[in-house]
Every structure is written in structure tokens, then in C-alpha cells.
Amino acid sequence: EAVAALREALLLHPGAVPQLIQRLNQQTVALHLDTTWNTTLASPLFSNIHITSASLQKLVEIFVERQHLLWRPPEVQAWLKSTCAELAQELACGGPAAQQAVDWAAVCSEAFPPADPDQYSHLSVSSFSDVISILPAEENPFGRGGAEEEGQAGPLPQNLGGARVFEDMQGVNPFLAFFRTMLPWVEVEGMSERDLQNLAQQMLDNGGLEIDRNEDANVEHDD
């Protein structure tokens, strides 16, 4: 059943094969294009394929981005290669796959008319990637401003970054440290200690909590 399903998928979307192979070889030589592969990809079924439907092209790109890692194991690639080669040979000899290819092409054309606009234009291919994207420094609320302008290297390793944050917080008002680390979107720079405490108390009031009044007395004494 798996072989039959793969055959149907390849006949329905042969244009996905070259794109899948290209994606596998982008970052590492994950697929060896031997003589069998080169002959197969040069066959009419897989060569010079132009997907005319924008919607289908987007779906193929999403499939390749999301699923290409599943096709990296050698045994899976061997299965894909043998099935593709078998279909290419059948088409060349007028075997069963020849008529099946015509039928599946008609099904694909009916499901994805070339003239229709991209129904999935709202989707981003990168959203389906397993790669974790890192926010640019200017968009990172926890980043240290001006790092790039000062010619510093990229983000610090996690252990060094933690040490740097600890050093920066030494001697800092505890309320200011709280807002900087836990609520970085709250504008607190330049606020007095009293204003910081009042703001913190307002937020705690919403949660039914209260700041220790002994601390409040110490603040008044210091003032």
C-alpha cells in the first residue's frame, strides 16, 4: 500500500521531486545524485516541469520545507529513487504508468486551475520550518541596545549572557529590576523610586497582593 500511495503521489505531483531534491542538498549533501537519479530526473516525467498553479506551487514549497527531513535517511531515499526510476521507465516503455500519468495530470489540473490566484498567499513558507528564527537586535525587547553600533559580535552564549545580566542588576532598585526583566515593555526609565513602588503596588493590587510595608517604611526613611 505504501508503494502504491507513493506512486500515485509522484504521478499527481511530479514537480515536487526536483524541489525536494534541491532542498535536501541546500545545507548538506544529503542525497547522492548517481547515474540512476540523473537518468530518472532527465525523464519526461520529472524534467522541465513548470507548476503553473500558484496555489499548488505554494503547497509544494510548504511540503518541501516541512517534510524534507523525513526524506534524508538513506533507506527512504533509496525507496524514493527506485520508485521514481520505475515510473520513468514505465512511461518510456508505454507501461501502466503512462496512462496513469495522464489521468493524474488531469486531476491535478482540475484541482489547481492555472488561472486561479494563489489561495494560500497568506501563508509564509518559513512558518512551516523547523528552524528557530532569532529576532533582530532592534526587535528584541531583551536585547542590549547599540550592540551592533559598538561593533560587538552576535548574541552572547547563554551562560555569559546570564552573567552579564546579573552584573547589570547589581545595586539596581529591585522594582526597576523587576520591570526591566519581567515587563520590559513598561517604560520605567527615569521614574523615581517612589513612583516605581507605586506602579508595582498598582499591579499587585490587581492580583490581591501587597508590598511589604516594612520596605515602604525604609523607603520613606531614606527619603
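The model is predicted, so local features need pLDDT of at least 70 and side-chain atom pairs count only at pLDDT 80 or more, while totals for chains, interfaces and linings use all residues. Residues are numbered from 1 along each chain as its sequence is written, and side-chain values use heavy atoms, with hydrogens and water left out.

First, the whole chain. The protein chain has 10 helices and zero strands; helices (H or I, at least four residues) and strands (E, at least two) are DSSP runs, numbered from the N terminus. Of its 223 residues, 26% are buried. Buried means under 20% relative accessible area, exposed means over 50%, and partly exposed is in between, with a 1.4 Å probe and protein chains only.

Next, the core. The largest nonpolar core has 25 residues. Such a core is a set of buried Ala, Val, Leu, Ile, Met, Phe, Trp, Tyr and Cys residues joined through side-chain atoms within 4.5 Å. Leu10, Val17, Trp37, Trp71, Leu80 and Cys84 have the most contacts inside it. At least two residues of this core come from each of H1, H2 (16–27), H4 (54–67), H5 (74–93) and H6 (96–111). H2 gives the largest share, five residues. In general, nonpolar side chains in soluble globular proteins tend to be buried together.

Take Trp37. Contact means heavy atoms within 4.5 Å. Leaving aside neighbours within four places in sequence, Trp37 is in contact with residues including Val17, Leu80 and Cys84.

Now helix H5. H5 has 20 residues and reaches 28 Å from its first C-alpha to its last, close to the 28 Å expected at 1.5 Å a residue; the expected span is 1.5 Å times one less than the number of residues. Which residues of H5 are buried? They are Val76, Gln77, Leu80, Thr83, Cys84, Leu87, Ala88 and Glu90. These cover an arc of only 165° around the axis, so they lie on the same side of H5; the arc is that of the directions from the helix axis to the C-beta atoms. On the other side of H5, Pro74, Glu75, Ala92 and Cys93 are exposed. Gly94 follows H5, and its phi is positive, near 70°.

Last, Arg7, in helix H1 (residues 2–12). Is Arg7 buried or exposed? Arg7 is buried, because its relative accessible area is 13%. Its side chain makes a polar contact with the side chain of Glu86 (2.6 Å). A polar contact is a pair of N or O atoms within 3.5 Å; within protein, one must be able to donate a hydrogen and the other to accept it, and residues adjacent in sequence count only if both atoms are side-chain atoms.
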